[in-house]
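This explanation goes through helix packing and then the surroundings of a ligand.

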Amino acid sequence: MMKVAPSILSADFGNLQRDIEEICQSGCDLVHVDVMDGHFVPNLTIGPVVVSAVAACATKPLDIHLMVENNTFFVELFAPLKPEYISFHIEEEKHPHRLIQKIRSLGIKPAIVLNPHTPPEAIEYLLQDLDMVLLMSVNPGFGGQIFIDSVIKKASCLNEMRNRLNPDCLIEVDGGVNDQNIQLLKDAGVDVVVAGSYVFKHENRKTAIESLQI
Ligand code: DX5
Ligand code: ZN
């Protein structure tokens with residue numbers, strides 16, 4: 001079944017504990033945390049103080065998505081919170097293989113993120129060392145954007161590649177996911193979807209989460 005990771009970027013930050021408890025009780029699989037530094041992307045979100053408060057009230061594992069320039073610094077900052085996954089952008093890392101090893105040595109599952117323009121071949125020689133690949137289906141930086149359709153073809157290519165090289169590696173898609181595109185993502189071989197505005201703006205968040213768990 002498709003796993004669902006609601007992005008707390010679209011939660012009500014005045015009631016963050018309430019919103020996190022609600023999605024965890026509503027059967028989400030992971031809690032997706034978007035970390036932005038105002039440099040790699042033109043937006044700024046949350047640091048370890050707030051994320052430790054998120055970790056304290058979440059009853060599901062954290063999926064930390066770094067959108068930052070200095071990946072190693074941020075990996076070291078968030079590692080003590082023991083997330084399930086830390087993902088970093090291939091476009092912003094000179095030594096991705098070294099960073100994968102570092103994340104794994106900290107007891108965390110390493111994942112790499114590809115922006116909409118980055119081909120799956122960019123990670124062909126890293127795939128066997130990864131637990132997950134995250135494909136962006138919007139340009140990173142903001143919630144509530146329109147889904148970029150070309151990710152479907154990219155997910156299919158990546159699915160073929162991971163079945164050949166590392167069948168245990170999950171494929172995650174992030175951005176503009178909703179009940180209209182979930183079947184296409186499932187058919188392309190996607191295992192995990194991130195959904196921010198679709199879940200948090202829905203009148204019934206449990207229904208929203210369940211509609212993606214196909
Ligand atoms: C965008 C973030 C996403 C975003 C998804 O940079 O990585 O996780 O919060 O939000 P929606 O589902 O609203 O596109
Ligand atoms: Zn994200």
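Helix H3 (residues 71-78) packs against helix H4 (residues 96-105) at an angle of about 5°, and their axes are 11 Å apart. H3 is therefore roughly parallel to H4, a term for angles under 35 degrees. Asn71, Thr72, Val75 and Glu76 of H3 meet Leu99, Lys102 and Ile103 of H4, where contact means heavy atoms within 4.5 Å. By class, this contact of H3 with H4 has three nonpolar, two polar and two charged residues.

The model is predicted: local features need pLDDT of at least 70 and side-chain atom pairs pLDDT 80 or more, while totals for chains, interfaces and linings use all residues. Residues are numbered from 1 along each chain as written, chains are lettered from A and ligands numbered from 1 in the order written, and side-chain values use heavy atoms, without hydrogens and water.

Helices here are DSSP runs (H or I, at least four residues) numbered from the N terminus. The axes of H1 (residues 16-25) and H2 (residues 48-57) come within 9 Å and cross at roughly 40°. H1 is therefore oblique to H2, and the crossing is right-handed. On H1 the contact involves Leu16, Gln17, Ile20 and Glu21, and on H2 Val50, Val54 and Cys57. These residues divide into five nonpolar, one polar and one charged.

Ligand 1 has 20 residues around it, of which Gly141, Gly144, Asp174, Gly196 and Ser197 come nearest; a residue counts if one of its heavy atoms lies within 4 Å. A polar side-chain atom of Ser7 lies 2.8 Å from an oxygen atom of ligand 1. The side chain of Asp174 has an N or O atom 2.8 Å from an oxygen atom of the ligand. From Gly196, a polar backbone atom is 2.7 Å from an oxygen atom of ligand 1.

Key. Axes are lines fitted to C-alpha atoms, for helices over the stretch in contact, and angles run from 0 to 180 degrees between N-to-C directions. Helices (H or I, at least four residues) and strands (E, at least two) are DSSP runs, numbered from the N terminus. Angles under 35 degrees count as roughly parallel, over 145 as roughly antiparallel, 65 to 115 as roughly perpendicular and the rest as oblique. A crossing is left-handed if the near helix is turned anticlockwise from the far one by less than a right angle, and right-handed if clockwise. Ala, Val, Leu, Ile, Met, Phe, Trp, Tyr, Cys and Pro count as nonpolar, Asp, Glu, Lys and Arg as charged, and the others, Gly among them, as polar. A polar contact is a pair of N or O atoms within 3.5 Å; within protein, one must be able to donate a hydrogen and the other to accept it, and residues adjacent in sequence count only if both atoms are side-chain atoms.
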